[in-house]
Amino acid sequence: DVDLSDVWVDEACEVVGGLLARLHVVAPPQVPRLPEYLAPHLERMAARPAVPRRVVSRTQGLARELLSGGVPEALLHTDLHDENVLWGPLGWTAIDPKPVAGHPGFDLRRPPRTPDDAPLSPAASRCRARARVALAAEAAGIDLDEAFAWTLLRAGVEVSWVSETGSADDVSLHVALTKALD
């Protein structure tokens, strides 16, 4: 099977955005809402020693800000990573959703990486990360400022997730991405 990890990264960003534009419909009432979904993750991240305090503070602050207003209740995939986007007879298809209702920007996740992504200076990393978010957001029809804010929130939550399940290198990678997006 061909998945997005086999595709040039800029094209992968556009594919993800295009899929999100199709997937984001009004969520049915039985789907969990994003504030309730995120609450336990946001609470646990403060207790994880591998998560830098500045990431905890920034992520929790963004969550308060972004979740306090009337959040759109689009049906989110929430797990749209490279291996969950497959090429088939109907074109690109998303598999294995973890449905939640919330703002479409939360589905942007982190910008895709490719094995040939070499370490860059902080300025170049920031430029590359922001360009990838912009490509996906444009294809998805998501306001760019909102896309950056929601992607930064999501990146902070992912720092917490990988601190529990990943290696120290995974945590460092996600912390660097959070810095690049901020």
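**Legends for a predicted model**

**View 1. The whole chain and its surface.** Residues are numbered from 1 along each chain as its sequence is written, and side-chain values use heavy atoms, with hydrogens and water left out. Buried residues make up 48% of the 182 residues (buried means under 20% relative accessible area, 1.4 Å probe, protein chains only).

**View 2. The largest nonpolar core.** Here you can find 49 residues, with Leu4, Leu38, Leu108 and Leu153 having the most contacts inside the core. Such a core is a set of buried Ala, Val, Leu, Ile, Met, Phe, Trp, Tyr and Cys residues joined through side-chain atoms within 4.5 Å. The helix α5 gives the most to this core, with 11 residues (helices are DSSP runs of H or I, at least four residues; strands are runs of E, at least two; both are numbered from the N terminus).

**View 3. Around Leu4.** Leaving aside neighbours within four places in sequence, Leu4 is in contact with Ala12, Val15, Val16, Asp82, Val85 and Trp92 (contact means heavy atoms within 4.5 Å).

View 4. Look for Asp107 in the loop between β4 (100-102) and α4. Asp107 is buried yet has no salt bridge, and the nearest side chain of opposite charge, Arg154, is 4.5 Å away. A salt bridge needs a side-chain nitrogen of Lys or Arg within 4 Å of a carboxyl oxygen of Asp or Glu; Lys and Arg count as positive, Asp and Glu as negative, while His and the chain ends are not counted.

Key: Predicted model: local features only at pLDDT ≥ 70, side-chain atom pairs only at ≥ 80, totals over all residues. Buried < 20%, exposed > 50% of the residue type's maximum accessible area, 1.4 Å probe, protein only.
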